[in-house]
Amino acid sequence: MSRIARLSPAETPLLKRKRARSGPYGVLDIGSSKVVCLIGRVESDGRPRVLGYGWQRSRGVKGGNIVDLQEAEHSIRAAVAQAEEMADLKLSGAIVNLSCGQPSSRVMNLQWPIGGRAVTEADLRAVLGEGRRRSQEEGRETVHAATLGFTIDSTPGVEDPRGMMCEMLGVKLHLVDAASAALRNLGLCLAGCDLEVEELVSAPFAAALSVLVEDEKQLGATVIDMGGGTTGIAVYGDGHLLHTAQLPVGGWQVTNDLARGLTTPLGHAERMKTLHGSCMEGGNDQKEMLSVPQVGEDDDHLVQVSRATMVGIIRPRLEETLELVRDRLESALVGSESGARVVLTGGASQLVGVRDLAARILDKPVRIGRPQPVQGLPDSALGPDFATTLGLLHWGAGEGRPLLDLDPGPERGNGRFIRFVNWLRDRV
C-alpha cells in the first residue's frame with residue numbers, strides 16, 4: 001500500500017460553512033424498502049436541481065444494515081445506472097445516508113485550558129480530538145462531530161472563539177457514531193459498485209434538512225422519520241442538530257404483522273397496508289369487508305376480513321413504535337430542547353390516523369412533513385417517503401453544514417475502499 005499523505009492541522013484551513021458542491025454530484029439513499037440515487041447540480045440561486053434519478057426495491061438490506069453484499073450491490077447498481085443514464089454522466093462517488101451500525105448520539109461539555117492567550121485553530125482541533133477520544137468505544141467510529149457553542153471563561157453563546165483571549169475555553173460538542181464493522185461492510189458494498197463514499201450523513205438528520213422550515217430549526221422541533229425498516233429521530237433547536245437516534249422498527253413490521261395476522265402473502269399485505277391501511281377506527285369498519293388471499297391457496301381462494309380487523313393489527317404496532325420513540329426521547333433528556341412540535345415523515349407516516357395517534361402518545365402537536373420541492377423530480381418522488389433522499393441532496397447543496405469545519409478531511413490513498421477506510425479512521 002502506498003504511503004498515505006496527511007495534512008497537519010496547521011496546513012489545513014479551518015473553514016466557515018462548507019460551500020455547496022461545484023458541478024454535478026450524486027446522492028445515494030440505501031434504505032430497507034428502496035434504494036434511491038439522485039444526480040444533482042446546484043443552480044445559480046443556490047438550490048439543487050435533479051439531473052437524473054433512479055430507484056429500485058431494496059434487497060440485501062435489513063434494519064438499515066447490509067446483510068447480503070451481492071443482493072445490495074445489485075439494487076444499488078440498478079438505481080445508479082438509471083440515474084446515470086438520465087443525467088448522461090458517470091458517477092465516481094456519492095453522498096450516502098447513514099442508517100447502519102446502530103448510530104448513536106451524544107453531547108459532551110469539555111473544558112480546555114488556554115492560559116490567557118488568544119484561541120487558535122489548533123486549540124479547536126485539540127478540543128475536537130479530545131471529544132472523539134472520550135467518545136470512542138470498542139468497535140465504534142465517529143461520523144459527525146459538530147460544535148453547539150463555545151464559552152469563553154464565563155461568557156457563553158460564542159459561535160467562533162478564534163482570536164479571543166481567555167483562561168478557559170468551554171465547548172459543547174455533539175457527536176454521532178456507529179459500529180465500525182457495519183460501516184466497513186457499507187464501504188465494501190459501494191466499492192463493489194465502483195463508487196466512492198464521499199460523505200456519510202445521518203439519515204434522520206437528512207430527513208430533518210428536507211422537511212423542517214427555518215423557524216422550526218431555531219425554535220425547536222423533533223423529526224420522526226418512519227421508514228421501511230427503521231424509525232429515525234432528529235431533534236433540532238437553536239439552529240443545530242441536538243440529538244439523533246434510530247430504532248430498528250418501521251413500516252415493514254406493520255406489513256409483517258398483517259401477513260401473519262391475516263395469513264396472507266407479504267406482497268398482498270403490503271398492498272393492503274398501502275391501499276387500506278389505517279390506525280383510526282371508523283364507524284363502518286365492522287361492515288366494510290376486504291378480500292384477502294391466503295398463503296398456499298389458489299389465487300381465487302379468498303376470505304373476507306373486516307377493515308376493523310386490519311386496524312386492530314396495525315394500531316398496536318404503531319402505538320408500540322411511537323411509545324419507543326417517546327421513551328428514547330425521555331432517556332436522552334432533550335425534552336425542553338425538542339421544541340413544541342413533532343414533524344412526522346417517511347413512508348409509514350402516510351397511514352391514515354398516524355398523525356392523531358402520535359399527537360396523543362407524544363403529547364405534542366404533530367404535522368406531516370413533506371420535503372421542500374426540488375426541480376427535476378416527478379411528483380411521486382416529492383412525498384414523505386423521499387425525505388431522507390432529498391435531505392442528502394440539500395446537504396450536497398450546502399444546507400446543514402456546521403458553522404465551523406473542524407474536520408481535516410479524508411486521508412488520501414490508492415483505491416476507493418482504502419480512501420473510505422481512511423475517511424472513517426480520520427474521524428476517531
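1. A charge sits over a ring if NZ of Lys or CZ of Arg is within 6 Å of the ring centre and within 35 degrees of the ring normal. With that in hand, have a look at lysine 34, which lies over the face of phenylalanine 386 at 4.9 Å from the ring centre. Keep in mind throughout that this is a predicted model. Lysine 217 does something along these lines too: its charged end sits over the ring of tyrosine 236, 6.0 Å from the centre of that ring.

2. On to the aromatic pairs. The count for this model comes to four. One of them joins tyrosine 53 and tryptophan 55, with 5.6 Å from centre to centre and 20 degrees between the planes, and this pair is stacked. The cut-off for stacked is planes under 30 degrees apart.

3. Phenylalanine 205 belongs to helix α4 (residues 203–211) and tyrosine 236 to strand β13 (residues 231–237), so the pair ties together parts that are 31 residues apart in sequence. Phenylalanine 205 and tyrosine 236 are both buried. Tyrosine 236 is also the ring that has the charged end of lysine 217 over it.

4. Back to phenylalanine 386 for a moment. Which residues share an aromatic cluster with Phe386? Tyr53 and Trp55 do; the three form one cluster. Lysine 34 is over the face of a ring in that group, namely phenylalanine 386.

5. The largest nonpolar core has 37 residues, and Ile314, Leu318 and Leu344 have the most contacts inside it. Which helix gives the most to this core? It is α8 (residues 307–331), with seven residues. Take isoleucine 314 as a case: leaving out residues up to four places away in sequence, it touches Val254, Leu258, Gly277, Ser278, Cys279 and Leu351. Another core lies apart from this one, with 32 residues, including Val201, Ala221, Ala234 and Leu393. As a general point, nonpolar side chains in soluble globular proteins tend to be buried together.

6. Next, a sheet to trace on screen. It is open, has five strands in the order β3-β2-β1-β6-β11, and its pairing is mixed. Why is one side of β3 and of β11 left without a neighbour in the sheet? Because β3 (48–57) and β11 (196–202) stand at the edges, each with a single partner strand. On average, neighbouring strands of the sheet are turned by 25 degrees against each other, direction ignored.

7. The link between β6 and β11 can be followed residue by residue. Strand β6 (residues 93–98) runs parallel to β11, with six bridges joining the two. One example is valine 96, whose bridge partner in β11 is leucine 200. Helix α10 (residues 387–396) packs on this sheet and touches β1 (25–30), β2 (34–42), β3, β6 and β11; the direction of α10 makes about 150 degrees with that of β1.

8. How much of α10 is covered? Ten of its ten residues are buried. Among them are Leu390, Leu392, Leu393 and Trp395, along with His394 and Thr388. Leu393 also turned up above, in the core of 32 residues. After α10 comes glycine 398, which has a positive phi near 105 degrees.

9. Aspartate 153 has a phi near 55 degrees, a positive value in a residue other than glycine. Aspartate 153 is in the loop between β8 (140–152) and β9 (155–158) and is partly exposed at 39% relative accessibility. Threonine 263 also has a positive phi, near 50 degrees. Its loop runs between α6 (251–262) and α7 (266–276), and threonine 263 is partly exposed, at 42%.

10. Threonine 230 lies between β12 (221–226) and β13. Why does threonine 230 count as buried? Because its relative accessibility is 14%, and the cut-off for buried is under 20%. Apart from neighbours within four places in sequence, threonine 230 is in contact with Gly63, Gly64, Asp225, Gln246, Leu247, Val249 and Gly250.

Terms used: Residues numbered from 1 in each chain as written. Predicted model: local features only at pLDDT ≥ 70, side-chain atom pairs only at ≥ 80, totals over all residues. Heavy atoms only, no water. Phe/Tyr/Trp six-rings, centres within 6.5 Å; stacked < 30°, edge-to-face > 60°. Helix = DSSP H or I, 4+ residues; strand = E, 2+ residues; numbered from the N terminus. Buried < 20%, exposed > 50% of the residue type's maximum accessible area, 1.4 Å probe, protein only. Core = buried A, V, L, I, M, F, W, Y, C linked by side-chain atoms within 4.5 Å. Contact = heavy atoms within 4.5 Å. Pairing = 2+ DSSP bridges. Axes fitted to C-alpha atoms, helices over the stretch in contact; angles between N-to-C directions.
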